Amino acid sequence: MTSLHKKIAWNALVLPLVILLVWQGLAIRAHTPLFPGPWQVMMSIAKLYPAIVGQLGHTLARAGIGFLIAAALAIPCGILLGRLKLLGQILEPAIDMLATLPPPAVVPLVMLFAGTGDGAKIVIIAYAAAVPLLMNTYEASKTVHPSANLVARALHLTRFEAMVHIDLPSSLPMIATGARLAVSSALLVSVTSEMLLATNGIGVFIQRQQENFQIAGGLAGIAFISLAGLIINSLVFQFEKRWLFWHYRSQDLSSKG
């Protein structure tokens, strides 16, 4: 790491450290369990670590299953709508409407058909993750360069073969962007759905801590899910850079040119 990179890394730590110090000072001044400081949160993490990790496992499992279901359905549908222009134009207003509909709003409808168990939570998570995946895939698929379609005709590819060999590879950069948005949505909605359909998970853990006025314990749960989200997002981005190395290489060449 160069000295410039080291300087940037240290500067990036200044603001969080200042916030923690100010927070701890205000907590000492308030002197109430309803406003714990960073030290009290760290003590709660040390005390509740096994319970938090166990509940976090339930949350991540549901988020992962919901994301995989969303990817398996939304990506093929997005490519199909991009290839079938008329169908895409007909359904585009409905897709835009789904993008503005918050996932918690569909909870009562999901409860009618899926109950209140894990199935209901996974359905809500899949819905939240499917929207960014569908929109990004559709937008990428319908804007495939016309020359690619000429190549498909020259090779006498069927519509399905063109979708697999032309539309899908061309759409991968935007699909990857949608995937990162979908992962974030899946984690967020997983916690929210657990609070609304309480059985287990980090959302239930946070809610129970707050109901018992254990604010430090609730903040410990929030810290864990935030850290998990940061790590997962970083892993997804690193995987994207390795998988789409050709895309980032072409971007670097175009920026240098």
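Residues are numbered from 1 along each chain as its sequence is written, and side-chain values use heavy atoms, with hydrogens and water left out. Because the model is predicted, local features need pLDDT of at least 70 and side-chain atom pairs count only at pLDDT 80 or more, while totals for chains, interfaces and linings use all residues.

Let's begin with the pockets. On a 1 Å grid over the protein atoms alone, a pocket is an open set of points where a 1.4 Å probe fits, with protein on both sides within 12 Å along at least five of seven lines, and lining residues have an atom within 4 Å of a point. Volume here is the space filled by probe spheres set on the points, which are joined across faces, edges and corners. Helices are DSSP runs (H or I, at least four residues), numbered from the N terminus.

The largest pocket comes to about 350 Å³. Of its 18 lining residues, I75, L168, L172, I175 and W243 sit closest to the centre. Which helix gives the largest share of that lining? It is α7, with eight residues; α2 (38–83) and α9 (215–243) each supply at least two. By class, the lining has 17 nonpolar residues, no polar ones and one charged. For that count, Ala, Val, Leu, Ile, Met, Phe, Trp, Tyr, Cys and Pro are nonpolar, Asp, Glu, Lys and Arg are charged, and the others, Gly among them, are polar.

The second largest pocket has a volume of about 270 Å³. Its lining includes L20, W23, P38 and L219, and α1 (3–30), α2 and α9 each bring at least two residues. Nine of the lining residues are nonpolar, one is polar and none is charged.

Helix α3 has a bend of about 45 degrees at L91, with the proline P93 following within four residues. That bend is the angle between axes fitted to the seven residues ending there and the seven starting there.

Last stop: M111, in helix α4 (residues 107–114).
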